[in-house]
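Visitor: I have a structure to look at and would like to talk it through. Could we begin once it is on the screen?

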Amino acid sequence: MQVIRHAAAALSAALVLSSPVSAADAPNAAWVENLSEPTQCAEFDNVYYTLANPKVTRFEIEVSAPVYLPDLKTDSTGPDFANCEAMKDDPKHKFQPKKLTLYEDGDIRIVGHTYAESWRARGAEVMVGDIDESDLHLVQWFQKVDGDFHEFLVVYPFDGYWRAKPIPTEAFPDAAYGTSFLVGPIEKQHRPIVDIAKLKIDPRARAFRMTFAKGGVGEIRIRSADRERVVLDVSVDGLPDGDPPAPFAAIRSMFVTPTNADVARINWRTDAGLYNEPIMEFKGANAHEIRFDRIELSRHNTSAPDVTFRGFAGPPPAR
């Protein structure tokens, strides 16, 4: 996505701000709202953006390598708990830890994990073929490339968080995840979540089909995955109504400074043009495309990818 100078963007942003209601006039845009809060802790997801439009039932998520990755010499993926003394303790529910292979063939491996504890007492029922599990905290999707399996997509069935990254390069085989995204009816339970009642994984179709506890269904389908980007086709249907319209998607990420952040800018496109703002300064806009990125090297999750939402549309034409 092309970017423009910050000063011009700030001036133009004031012109494209409107109400979330106007986004509902057509399904090719979303009302993007910034609900972030400042932090000094690099392990706290303080960046929170929501996307809303009740007419949107289809869209695309692209997760791509940061612009500076080809010139990157050293990656940094370790945690940084400096200035995190004020982090609140989550509730703790106990589980029997386990790891199991949910599916494997010559190209795909899907692995599930249950941790010793979680902040939620229950999560989605996860189904893959004849396997049916109700206590998986993490599901990993691996794809075989050059003879080895590489992880590039994960979902957390207990709170509906997803993370993706391009298939790691040989230079950085442990490339970081960064920004998380949520798809479905967003609600607040200690933190923003999507409560997935059932998650059915279809390896042949490369699809995750969700039934939401609050109502409605959704699907995330892997269109493509390579070392430059992952492209996901997303659909939702029958989500609960709201006034104002409830979000159908959101992102969570981290920003302390431009060089200590998993995301530092928002870029967005409207009928009037292309704009960008520092991630904490944006207020809201009706946008056809939204990209969350970094252009300065971060000492936290340096290789973590950018995330773009685009292709907003309503239901496909009836055949």
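The conversation below takes up a disulfide, a pair of strands, a cavity and a pocket.

Visitor: What kind of model is this?
Guide: This is a predicted model.

Visitor: How many disulfides does the count come to?
Guide: The count comes to one disulfide. It is formed by C41 and C84, whose sulfur atoms are 2.0 Å apart.

Visitor: Which parts does that pair tie together?
Guide: C41 lies in the loop between β1 (30–34) and β2 (47–52), and C84 lies in the loop between β3 (58–64) and β4 (93–94), so the link joins parts that are 43 residues apart in sequence.

Visitor: And the link of C41 and C84, is it right-handed or left-handed?
Guide: The link is right-handed, with 90 degrees about the S-S bond.

Visitor: Is C41 buried or exposed? What about C84?
Guide: C41 has a relative accessible area of 3%, and C84 has one of 10%. Buried means under 20%, so C41 counts as buried, and C84 does so as well.

Visitor: Changing topic: which strand pairs with β1?
Guide: β1 pairs with β25 in the antiparallel sense, over four bridges. Within this pairing, V32 stands opposite A285 in β25.

Visitor: Which way do the residues of β25 point?
Guide: Strand β25 covers residues 284–287. G284 and N286 point one way, A285 and A287 point the other way, and all are buried.

Visitor: Why would they alternate like that?
Guide: In a regular strand, side chains alternate between the two faces of the sheet.

Visitor: Which residues are closest to the centre of the largest cavity?
Guide: Its lining has 14 residues, and L69, P166, P168, A175 and S303 are the closest to the centre. By class, the lining has ten nonpolar, two polar and two charged residues.

Visitor: And what is the volume of the second largest pocket?
Guide: The second largest pocket has a volume of about 300 Å³. There are 18 residues in its lining, and P54, L239, P240, D241 and A246 lie nearest the centre.

Visitor: Which elements give two or more residues to that lining?
Guide: Those elements are β19 (229–237) and β20 (247–253).

Visitor: How do the residues of that pocket's lining divide by class?
Guide: Eleven are nonpolar, four are polar and three are charged in the lining of the second largest pocket.

Note on methods: Residues numbered from 1 in each chain as written. Predicted model: local features only at pLDDT ≥ 70, side-chain atom pairs only at ≥ 80, totals over all residues. Heavy atoms only, no water. Disulfide = S-S within 2.5 Å. Buried < 20%, exposed > 50% of the residue type's maximum accessible area, 1.4 Å probe, protein only. 1 Å grid on protein atoms, 1.4 Å probe; cavity = no way out; pocket = protein on both sides within 12 Å on 5 of 7 lines; lining within 4 Å. Nonpolar A, V, L, I, M, F, W, Y, C, P; charged D, E, K, R; others polar. Pairing = 2+ DSSP bridges. Points joined across faces, edges and corners; volume = space filled by probe spheres on them.
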